[in-house]
Amino acid sequence: MLVSKVIDGKKFMWDGVEYKGEGEAKEAMTKYESDGFETRIIKEEDKFQLFTHRIVTDVKVEGAPPV
């Protein structure tokens with residue numbers, strides 16, 4: 001099973017859940033999209049997999065730099 005796929009030139013990561021129905025996958029997709037993720041649903045045999053992609057725009061570094 002693949003944990004990532006390149007779709008339209010972007011790397012998408014599988015969320016690790018095999019959804020039994022498309023409706024269940026779309027419900028999860030809505031949650032991810034509200035958190036700023038781009039999503040794709042892929043049908044594998046009789047199950048649905050959700051892949052997500054998000055560009056990191058802000059990186060916070062805490063603590064002292066390593067010596």
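Colleague: Which residue takes a positive phi in the hairpin of β3 and β4?
Modeller: That is E45, with phi near 55°, in a hairpin that has two residues between the strands. Bear in mind that this is a predicted model, where local features need pLDDT of at least 70, side-chain atom pairs count only at pLDDT 80 or more, and totals for chains, interfaces and linings use all residues. Residues are numbered from 1 along each chain as its sequence is written, and side-chain values use heavy atoms, with hydrogens and water left out.

Colleague: Is E45 buried or exposed?
Modeller: Exposed, at 75% relative accessibility. The cut-offs are under 20% relative accessible area for buried and over 50% for exposed, with partly exposed in between (1.4 Å probe, protein chains only).

Colleague: Switching topic: how many residues of strand β4 are buried?
Modeller: Six of the seven in residues 47-53, so β4 is largely enclosed by the rest of the structure.

Colleague: How many bridges link β3 and β4?
Modeller: Seven, with β3 (residues 38-44) and β4 antiparallel. In this pairing, I41 stands opposite L50 in β4. Strands count as paired if DSSP finds at least two bridges between them.

Colleague: What about β2 and β4, how many bridges there?
Modeller: Four, and β2 (residues 10-19) also runs antiparallel to β4. W14 faces F51 of β4.

Colleague: Where is H53?
Modeller: H53 is in strand β4. With 15% relative accessibility, H53 counts as buried.

Colleague: What does the side chain of H53 reach at 2.8 Å?
Modeller: The backbone oxygen of K11. That is a polar contact, meaning a pair of N or O atoms within 3.5 Å; within protein, one must be able to donate a hydrogen and the other to accept it, and residues adjacent in sequence count only if both atoms are side-chain atoms.

Colleague: Which residues does H53 touch?
Modeller: Leaving out residues up to four places away in sequence, H53 touches K10, K11, F12, F37 and E38. Contact here means heavy atoms within 4.5 Å.
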